[in-house]
Amino acid sequence: MAASCDSLLPLVLLLCLSAQAVDRSNFKTCDQSAFCKRQRELKPGQSPYRALLDTLELSNSRLSLQLINDNNKVRLLLELYRLQGNMTRVKINELKPLKPRYEVPDVLLSDPITEALSVVAQDENSLVVSLGGKDQRLILSAQPFRLDIVEGSQVVMSLNSRGLLAFEHLRTRKDTKSESEQAPGQENVEQQTDEDGQIKEDDDKPGMWEETFKSHTDSKPNGPTSISLDFSLPGVEHVYGIPEHADTLKLKNTDGSDPYRLYNLDVFQYELHNPMALYGAVPVLISHSTDRTMGIFWLNAAETWVDISSNTAGKTMFGKILDFVQVSSEAPQTDVRWMSESGIIDVFIMLGPKPADVFTQYASLTGTQSFPPLSALAYHQCRWNYNDQEDVKTVDQGFDEHDIPYDFIWLDIEHADGKRYFTWDPSKFPQPKEMLQGLMDKRRKLVAIVDPHIKVDSGYKIHNEIRSKNFYVKNKDGGDYEGWCWPGNAGYPDFTNPEMRTWWASQFAYDQYEGSMENQYIWNDMNEPSVFNGPEVTMHKDALHGVWEHRDVHNLYGLYVQKATADGLIQRSEGVQRPFVLTRAFFAGSQRYGAVWTGDNAAEWGHLKISIPMCLSLGLVGISFCGADVGGFFKHPSAELLVRWYQAGAYQPFFRAHAHIDTPRREPWLFGPENTALIREAIRQRYALLPYWYQLFYNAHRTGQPVMRPLWVEYPDDFATFSIEDEYLIGKDLLVHPVTDEGATGVTAYLPGKGEVWYDVHTFQKHDGDQSLYIPVTMSSIPVFQRGGSIICRKDRVRRSSSCMENDPYTLYVALGSQGSAEGELYIDDFHTFSFEEAKQFVHRRLSFSANTLSSRNLAPDSQFSTASWIEKIVIFGGSQPSSATLKSADGTESALEFEFDSTLAVLTLRKPGVNAAADWTIVLR
Amino acid sequence: MTCLHLLLTLVFAVSLGTPVEIQRPRGVPLTKKQFYEEGKPFTCLDGSRTIPFDRVNDDYCDCKDGSDEPGTAACPNGSFHCTNAGYRPMFIPSSRINDGICDCCDTTDEYNSGAKCENTCKELGRKEREVLQKMAEITKEGFLLKQQLIEEAKKGREEKQGKVTDMQENKKQLEEKVEALRTVKEAAEQPEKEAKERHLKAWEAIRLEKDKAKMAEAFLELDDNSDGFVSVSELQSHAELDPDADGTLTETEVQGLMGGAAQVDTSTFESVWTNIKDKYHSESQPEEPAPVETPPDEVKEPAVDNDSEPYPEDDISEEDDEDEDDKDDYHEDDDKVRVNIEKELSFDFGPDAEFTYMYSQCYELSTNAHVPRIWGSWSGPENNKYLVMKYEHGTGCWQGPNRSTTVKLTCGKETVVTSTSEPSRCEYLMEFTTPAVCQEPANTEPSPHGHEEL
C-alpha cells in the first residue's frame, strides 16, 4: 500500500489517492535536492585535492595519508585497505571534523579481513601500492589527487580522475560564528594559519542551512555535509545494480536526465523507466565487460544520487562497429559519480574478475541470502484484505476445491484492531488461533502484517511501552516524532537503537503477541518509513535517532525493521525455526533477513515486464528473494494478464499474488474454468520445481550467488547477452522467457552458448545454443529450457502445500550436454529449522552423468540426515537407447531397471530406481 | 516401503444383513472392481497399455490416466475412492493420499503418513442424517408454502393481466366514450346535459354579472377626477397592473393595457377590464384576494345531479385517486401503471412464478446496503439458475467496479436474509432463505444406508 499525500486531512488523503499515476511533484528532482544541485554544479576538471605524501602512515594492512583541499585548506583523511578476496576499501573522512560524521553500522557482517599492503614505489608525486596477489597495483597521484587501480599495464578503475571528489566539511554557521568561535572543537580548517581573506568558503549557497520542499522545511542544524566521488571504468560499457528503480537492467546514461536516486520512498503508483527513487536502496553498482566484472559498494545510508555517463552511450550499433573497424581512438568507458547528503566516503571496490567472484566478494562483506523455509518458496495468496476468518476459510477451501496448491495466505492491515499491529480486529478475527489451527491442519501458513508506524493511543499497549521506554524517534525539538499513516497519528520506533530492536523482537513471543502461532509469519510494509504528511511521504530529515539525524540513517531504517522482526521470529521459537519476513524497504545487507517485493505495482503489461529487470537487479546485489505482486497491485488485470503474470511469477523467486482493496476479487478460480486450469498448471509447475529452487537458495545462502541471474552472469563473454532483460536464468540450468506481451503468439528467446544445447522442458525438444529461437506460444505456454549438461531434481507429485510433499520421491531430469554428460545437485533437509546449519542435518549430493553412468555421491560427508524421499524416476534427454540399465546400490546389490525410450525425442525414462535420495548409487546404461 | 501392493479387505453388511467379503485394490470403487482382477494383467482404463497386476498400486505411475495407482499418490491425475462406511463414499484427488491431512472420514487416505486420523464417519453420518431430516422438514413445509406462493402468483398474475387488458380496453373505450358522449348518447343524456348547460349558463350569467359589477366599481374607482373617462395617468396609479412585473408601470405599458387609447369611457373600458381584471386590486378592499372563481371548479360546482353518470375521467380516478387533482398527468400515470404491470409480467419470476412475491419487497439489511426495487437477472448454476440473482451496473466505485449485488437463495420456511457481506469492494453478497426455491421432497425418506456404496 502506498499513500501520496501531504495533508493531515483524511479527506484530502482520499483525493490524493485518486490520482491515476505517480505525482512527480511529491518527490524531489536533483535540482530540488539542494545538495544534489550543488554537487552536480561541480563539473569535471582538475581536483582541488592534493595528497600530502609526507603524512603517509603504513601499518601492515592500513595505509593512511592526508588530503588537502587547496581552495579551503580543509584536510581529509584517506584510508586504504586491501581486503581478503580481491577487494580494496577506500575511506575518506574529515581529518578533524567538528563532530563525528555518521559511519554506517550493522551492514557489514564484521570488520572485513584485511591483507598486507606494501608500497612498492614512491616519487615526489606518486605512490605505488601493491595490492597483493597477481600484478595488481594501486597508484596514488598526489596532485591532483587520484587513485588508479591497475592490473599489469591496464587501468581497471580510477577514482577522482574527473576531479569530482567533494567533501562538504562540517562548519559553524556564519551568523552564529561569533558565539561559537570559542566553543571547544577546532574547525577542521587551517584558517588559523592562513590569512582570512584568502579562504574561499562558499557558505552562502542556497539550501545549505535550511531547505524547503513544498510545505516542509528541513532545518539542517549541521549545515552542508554532502560528499561525492567519481569512478572511471575504462573498457566498460555495461553497468548494473543500484536498485531499486523501475528501470532497465542495464543502467542508462544520466547525462540528460536526473541521476539515479537512492532514497527509500513510498511512491504511490510508480512510473516505469525513470531513475526516481523507490522503496529500497542498495548502493552497489556492478560493471561488466568481456574482460572483467567489478563492483562498487558505496556504504552510505543517506540520500544518494548516482550519475552514469558512458562515452559510447549515444552511439548507434553502426557507430560502434565503425569504431571497431577504424580502431577508434576513444576506448569505451563508463564514468560513475556518487553523491550523498551526509556521512563519509566508505567505498568497497570489488575487483572480480568474474561475476561469481564479485558476488562472493560482496557476500563476504554484507552476508548472503537468508535460507528461507521451503514453504516460503511456494505460492502465496494475498489480498488487501481477506476480510475475516470466514473469508480466510472460504479462500482456503477454494484452493482445495479447485485443486490448486498454496502455502501461505496473507492478512493486510485490516486484520488488526484499528491498525494497531500485534492485535486482531475483535469482530473480524475473534479467534485467530482457531483460524491458524485450521490452516495448520491443512499444513498451511499465514502471514500477518506488522508495520513500523505505531498508533498514538494511550489504550494501546505497544505504544505505551515504546513511549515509556523512550524508544520513539524524536523530532528536532526533542519530542516524540509523530506523523500520519494508516492508523492516523503514529509514532515511529527508533529501530536504529539496538535496545529498541531487542524489545521489538520480544513482542513476537507467543505470550506477547496474542493469537499468534508458529505457523504465522510477518510482513513489514511502509518501513521506508512512510509518513503520509512528511516531506516526500517520509520522515523529516532533521528528526533524531539518538545523536544522529534521520538524514544520516534514512536508507537503513527499513533494514533494521526487518532485522528486528526476523530476530523476533527466531527468538519466539528459541532459535529453532527459520524466520520468514517480507519487507518493502531495504538496504545493503537486507538479504540476511528475508524477502523483498517490488512494492505497489499495477495490473499493466509494462509492470509485468519490468518485474524481471527489477528482480534481476536485486539479485546482482545480493537480494535473491525477490518478487512482484502477481496480477499487479493497483487496477484490475484482464484474465490474460493475470494468467501471464502467474506464469511469469511461478518462475520468480518470491511468488505472491496481491491486490488492492478497491479491486474486484481475483482468486485463481474467478476467471472461468479455462483460466483456472492455466493458473493451476503454472502454480503446479512451481511446486514441482521446488527442490531446484530450494537447492539454489541453499547455494545462495552458502555462497552468495544469485538465484535469478541475468544471462551475462553465466555467459560473461557473450556480448549479445549483456542487455537481455526479457529472459533470465534460474541458477545456471534453467532459462526462462516468460510471455509478457498481450495477445502474444510467439516469443523470441536467445539461447546462449556456442556448442551447447538446450531442452524445452515441456516438449523435451532439443535446441542448439547461440541462437535466437522463435517459439510459438499459446495461452498455456511458459517457455522454459533446461541447459544441456545439467541434472534437475523435481517432485512431480504436486500436493496442496509444500509441506504435504516433504517425503515425496524425486524425479531426476538429466539433460545431456553436447559431450553426453550432465551434472546437478540435490539438497534435502527438514525444510524449516536451523538444524542444517547448527547440527549439519542435511543431505547434499552431487549427481553426475558421464560415460553412460549416472551416479549420486555425497557432497557433505560430515552431514547427516535421513529422508523418506526416494528416486522414483529418471528422465534422460539427448541420449540413445541402451540395451540395459543396471542399478548398483551402496551395499553392492545390482538390479535391472526397466526403461522406455522415445526415439523421436531421444528421451529415455528409467522406471522406479526406488533408491533412497540420501543413498549412494550408480546406474549404468549399456 | 511404498512399493507394496495393497489390498483391502472390507467387511460390510448389505441391507439383508448378510456379511460378504469383497477384495479389491486400495482406492478402487466397487463399480470398477471388475477391472482390477487379482493376478491378471491390468489394462489401463483408457486402454493405453497393459501391465502386470503387481504394478497396480506399486507407487509408480504407469498409466497416463492414473488408473493403475488408485491407492497411491503416484499419478498426478488419479483419484482415490473412500468408502466411508456410515457416511457417504467419495473420491479425492490421489495427491491427498498420505499427505498428512485426514480427508476421508474412514481414515483410509492416510495409511502411511503418520497422520493421526480418527474415523468420524458414524458421527458425520449421524449429523448428516439430522441435517437431512431437518432439511427434509424444511423442504416439505417450504414446498407447501411454495405452492401457496405459486397459487397467489397465479392469481396475482391473472388479476394483473386482467387489469392490463381492462386498462387497454378502458383506454380504447375512453376515446369511444368521449365520442359517444358527444354523439350516440347525446340524446339519451340530453336532460342532464341541458341541466348541466343550464347550470353552467346560470353560473356564467352570475359570473358575468359579478364581473360587470366589479368592472363598474373599478371604473368608478379609477376615474379619479370623475370625468367619465379613465385616463392613462389614472390607470398608472395601479402599480399591480405592471405587465412585466418589473416594479414600475410605465406609460407605454399602460397604453398597451388601454389598447393605445389615451382614455376610455365606460363602454370601451370593457376591453381594458379584460386586460387588467386578473391583477386589479380594488382600492376599497385592497387586502382581500380575488374571490375563488377559478375555472376548474366551475365544472363541478354547478353540478346539481350527483346521481348522474360521472364524467369518464372520474371513472378512472377511482383507480388511482391520489392523483386526482392533477388531470394533465392523469393519462400518463395511467400508462405508467400499465407499463409497470406489463414490465412486471415480463420478469422471470421462476418457472411457476414462485418468486413473484419477492418483487416489490425491500429487504433492509444491517449493513446499509439494500436491494433496490428492481429485478436482477438469474445467474445460478446451469441446473438451477434460480438459486442466484445478480444485480449489476450499480453506481461506480473509485478504482473499482460498478456496485453489484449477488443474492443467493436457499430453501427455507421464511423469507429472511441470513447474511450479507462485501467480499470485494462494492460487490455485495446476500444470502436469503425462501420457500420459493424449495424442491419437491422425494417420495421416500432419504436413507443414507440405502445409498451407501461399499
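Which residues of chain A does UniProt give the feature "domain: Glycoside hydrolase family 31 TIM barrel" (unreviewed entry)? UniProt places this feature at residues 370–696 of chain A.

This is a predicted model, in which local features need pLDDT of at least 70, side-chain atom pairs count only at pLDDT 80 or more, and totals for chains, interfaces and linings use all residues. Residues are numbered from 1 along each chain as its sequence is written, chains are lettered from A and ligands numbered from 1 in the order in which they are written, and side-chain values use heavy atoms, with hydrogens and water left out.

View 1. UniProt positions are given in the numbering used here, with feature names shortened, and annotations may be inferred rather than shown by experiment. Residues 370–696 of chain A are 34% helix and 13% strand, and the end C-alpha atoms of this span lie 12 Å apart. Helices (H or I, at least four residues) and strands (E, at least two) are DSSP runs, numbered from the N terminus. The UniProt annotation "domain: Glycosyl hydrolase family 31 C-terminal" (unreviewed entry) covers residues 704–792 of chain A. Over residues 704–792 the chain is 4% helix and 38% strand, with 20 Å between the end C-alpha atoms.

**View 2. The contact between chain A and chain B.** The contact (heavy atoms within 4.5 Å) takes 34 residues from chain A and 31 residues from chain B. The two chains bury about 2700 Å² between them, 40% of it on carbon and sulfur atoms; buried area is the accessible area (1.4 Å probe) that two parts lose on being put together, summed over both. Nine salt bridges are counted between chain B and chain A, a salt bridge being a side-chain nitrogen of Lys or Arg within 4 Å of a carboxyl oxygen of Asp or Glu. In the one between A:Asp403 and B:Arg96, the closest N and O atoms are 3.6 Å apart. On the side of chain B that touches chain A, strand 12 (residues 416–424) of chain B gives the most, with three residues.

**View 3. A salt bridge within chain A.** The side chains of A:Lys28 and A:Glu211 meet in a salt bridge (3.2 Å, N to O). A:Lys28 is in the loop between helix 1 (10–17) and helix 2 (34–41) of chain A, and A:Glu211 is in strand 12 (residues 211–213) of chain A, 183 residues apart. Over all chains, the structure holds 77 salt bridges.

**View 4. An open sheet in chain B.** Five strands form this sheet in the order 9-10-11-13-12, with mixed pairing; two strands pair if DSSP finds at least two bridges between them. Strand 9 (377–378) and strand 12 of chain B are the edge strands, and each pairs on one side only. Strand 11 (residues 404–411) and strand 13 (residues 427–434) of chain B run parallel and are joined by eight bridges. B:Val407 stands opposite B:Met430 in strand 13.

**View 5. A hairpin in chain A.** Strand 50 and strand 51 of chain A form a hairpin with four residues between them, and A:Gly892 in the turn has a positive phi of about 95 degrees. Three bridges join strand 50 to strand 51 (residues 894–896), and the two run antiparallel. A:Leu887 stands opposite A:Ser895 in strand 51. Strand 50 (residues 885–889) also runs antiparallel to strand 54 (residues 921–925) of chain A, with five bridges between them.
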